[in-house]
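Reader: Hi! I'm new to this one, could you walk me through it?
Author: Happy to. Here it is.

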Amino acid sequence: MRVVMKEGDGDHVSGPLEQPGKENAMKKRIPLSFTVNGEEVDLYISPSRTLLEVLREELELTGTKEGCGEGVCGSCTVLCGGVLVRSCLTLAMEVEGLEITTVEGLGEQGKPDPIQQSFIDQGAVQCGFCTPGMLMSVKGLLKRNPAPDEEEIRRGISGNICRCTGYAKIVEAVVAVTTGSGQNNTEG
Ligand code: FES
Ligand code: FES
């Protein structure tokens with residue numbers, strides 16, 4: 001499905017009440033096109049909008065969470081052109097023409113990504129805030145290194161902060177998916 005927003009959609013401000021000057025310049029929207037989870041997206045945004053805001057508020061992809069909002073917790077992690085980024089620190093206009101993958105793009109209803117399945121099987125699922133970012137970080141890690149050892153796994157998820165876990169189950173889930181030792185391992 002192609003998502004199209006016209007220049008007057010959303011919170012775009014236009015019309016006879018517009019006045020020249022700094023405030024009006026702040027309200028100006030710019031066109032932005034990128035691909036998210038395989039779908040092309042065209043919309044108009046304020047240049048100051050973050051990728052996180054656009055994903056959640058314009059595209060309703062609310063799986064990507066805002067925790068700290070300042071680049072520390074990792075809950076907003078997405079893949080951008082195959083590279084992990086903090087979407088709260090990424091200006092949306094920086095992703096022009098790029099391919100974004102969010103947690104919604106990992107698997108399908110009834111057909112989870114093997115990483116998601118392994119988190120379920122190993123009891124590694126934490127809360128809805130930290131888990132999406134954790135899954136994306138693991139996805140990014142396995143893209144760069146399909147067979148990480150435990151230290152590499154711990155380093156790979158070190159930017160995803162959860163004070164409610166010792167991370168042991170999460171590491172076990174990643175090991176299970178990379179070694180095929182999980183209960184329901186599937187290739188993918
Ligand atoms: S919300 Fe982006 S790193 Fe915490
Ligand atoms: S922040 Fe999600 S369970 Fe700790």
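**Confidence, layout and a helix pair**

Author: Let's start with confidence: this is a predicted model, and its chain has an average pLDDT of 88, with 82% of the residues scoring at least 70.

Reader: Thanks! Where does pLDDT stay under 50?
Author: That happens over residues 6-19. For that stretch the model has 13 contacts beyond four places in sequence.

Reader: Okay, new topic. How many helices and strands are in the chain?
Author: The chain has 6 helices and 6 strands. Starting at the N terminus, the order of elements is β-α-β-β-α-β-β-β-α-α-α-α.

Reader: And what share of the residues is buried?
Author: Of the 188 residues in the chain, 38% are buried. As for contacts with a separation of 6 or more, 59% of them join residues 24 or more positions apart.

Reader: Let's look at helices α3 and α4. At what angle do they pack?
Author: The angle is about 125°, and the axes are 10 Å apart. Helix α3 covers residues 114-121, while α4 covers residues 130-144.

Reader: Why are they called oblique to each other?
Author: Angles over 145 would count as roughly antiparallel and 65 to 115 as roughly perpendicular, and with an angle of about 125° α3 and α4 are therefore oblique.

Reader: Is the crossing left-handed or right-handed?
Author: α3 and α4 cross in a right-handed way.

Reader: Which residues make the contact?
Author: From α3 there are I115, Q116 and F119, and from α4 there are L135, V138 and K139. By type, the contact has 4 nonpolar residues, 1 polar and 1 charged.

Conventions. Residues are numbered from 1 along each chain as its sequence is written. Chains are lettered from A and ligands numbered from 1 in the order in which they are written. This is a predicted model: local features need pLDDT of at least 70, side-chain atom pairs count only at pLDDT 80 or more; totals for chains, interfaces and linings use all residues. Axes are lines fitted to C-alpha atoms, for helices over the stretch in contact, and angles run from 0 to 180 degrees between N-to-C directions. Helices (H or I, at least four residues) and strands (E, at least two) are DSSP runs, numbered from the N terminus. Angles under 35 degrees count as roughly parallel, over 145 as roughly antiparallel, 65 to 115 as roughly perpendicular and the rest as oblique. A crossing is left-handed if the near helix is turned anticlockwise from the far one by less than a right angle, and right-handed if clockwise. Two residues are in contact if their C-beta atoms, placed from the backbone, lie within 7 Å. Ala, Val, Leu, Ile, Met, Phe, Trp, Tyr, Cys and Pro count as nonpolar, Asp, Glu, Lys and Arg as charged, and the others, Gly among them, as polar. A residue is buried if 20 or more other C-beta atoms lie within 10 Å of its own, exposed if 12 or fewer, and partly exposed in between; C-beta atoms are placed from the backbone. pLDDT is the predictor's confidence in each residue, from 0 to 100.
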